[in-house]
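I opened the model and looked up a few places in turn. The entries below follow the order in which I looked.

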Amino acid sequence: MDLEWANNADLGIGTYHPSQEYTPPELVGVDGGKWTSACDMWQFAELITSWGHLEDKGQQFVAAQSLASPANRLSAEESLRNAFFKGQVPS
C-alpha cells in the first residue's frame with residue numbers, strides 16, 4: 001500500500017523510512033517497529049484524504065482508519081463492508 005515503498009522496493013524493510021507525513025502513529029519515533037496491515041490501512045486513509053472533499057461516509061471511514069491505536073482501525077475486510085464502499089466493490 002505504501003506508495004513511497006514502491007519506489008524503494010529493492011531495499012530491505014529495515015532500511016526503509018517513510019516520510020513522517022506517511023508514517024503510521026505506532027511507528028513514529030520507533031526504531032525497528034513492525035509494519036502490519038493496520039499500517040497499510042492507516043496509509044490508505046491518508047491517501048483518501050488527498051482526494052479532496054469527502055461525503056459524510058468517506059469522512060467517517062477516514063476517521064475510523066486514522067485512529068492512533070492499530071487495534072481500533074478497520075481491517076481490509078471490514079473496510080470493504082463499510083458504508084463508504086457499499087456498492088463500490090463486488091460482494
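**Entry 1: Ala68**

I listed the contacts of Ala68 (contact means heavy atoms within 4.5 Å) and, not counting residues up to four places away in sequence, found Pro25, Glu26 and Arg73. The model is a predicted one, in which local features need pLDDT of at least 70 and side-chain atom pairs count only at pLDDT 80 or more, while totals for chains, interfaces and linings use all residues. Residues are numbered from 1 along each chain as its sequence is written, and side-chain values use heavy atoms, with hydrogens and water left out.

I placed Ala68 in the loop between α3 and α4. Helices (H or I, at least four residues) and strands (E, at least two) are DSSP runs, numbered from the N terminus. I then checked the accessibility: buried means under 20% relative accessible area, exposed over 50%, and partly exposed in between, with a 1.4 Å probe and protein chains only. Ala68 is exposed because its relative accessible area is 56%.

**Entry 2: Arg73**

I went on to Arg73, which sits in the loop between α3 and α4. Is Arg73 buried or exposed? Arg73 has a relative accessible area of 6%, so it counts as buried.

I looked for polar contacts next (a pair of N or O atoms within 3.5 Å; within protein, one must be able to donate a hydrogen and the other to accept it, and residues adjacent in sequence count only if both atoms are side-chain atoms). The side chains of Arg73 and Glu26 are joined by a polar contact of 2.6 Å. A polar atom of the Arg73 side chain also lies 2.9 Å from the backbone oxygen of Leu67. Leaving out residues up to four places away in sequence, I noted that Arg73 touches several others, among them Pro25, Ala38, Cys39, Trp42, Ala64 and Glu78.

Asn72 is in the loop between α3 and α4, and it touches Ala64 and Leu67 when residues up to four places away in sequence are not counted. The C-alpha atoms of Asn72 and Ala38 are 9.1 Å apart, and the two residues are 34 apart in sequence.

Ser75 is in the loop between α3 and α4 (76–80). I recorded Ser75 as partly exposed because its relative accessibility is 32%. From Ser75 to Ser37 I read 7.6 Å, C-alpha to C-alpha, at a sequence separation of 38 residues.

**Entry 3: Gln65**

I moved to Gln65, which is in helix α3. Gln65 has 0% relative accessibility and therefore counts as buried. A polar atom of its side chain lies 2.8 Å from the backbone nitrogen of Leu74. I listed the residues that Gln65 touches, not counting those up to four places away in sequence: Met41, Trp42, Ala45, Arg73, Leu74 and Ser79.

**Entry 4: α2 against α3**

I took the axes as lines fitted to C-alpha atoms, for helices over the stretch in contact, with angles running from 0 to 180 degrees between N-to-C directions. The axes of α2 and α3 come within 8 Å and cross at roughly 145 degrees. From α2 the contact uses Met41, Trp42, Phe44, Ala45, Ile48 and Thr49, and from α3 it uses Phe61, Val62 and Gln65.

**Entry 5: the core**

Which residues make up the largest nonpolar core? It has nine residues: Met41, Phe44, Ala45, Ile48, Leu54, Phe61, Val62, Phe84 and Phe85. Both α2 (37–49) and α3 (56–65) supply at least two residues of this core. With four residues, α2 gives the most to it. I followed Leu54 and found it in contact with Ile48, Gln59, Val62 and Phe84, leaving aside its neighbours within four places in sequence.

**Entry 6: the whole chain**

I finished with totals. The protein has four helices and zero strands, in the pattern α-α-α-α along the sequence. Of its 91 residues, 26% count as buried. Among contacts between residues at least 6 apart in sequence, 38% join residues at least 24 apart.

Technical notes
Core = buried A, V, L, I, M, F, W, Y, C linked by side-chain atoms within 4.5 Å.
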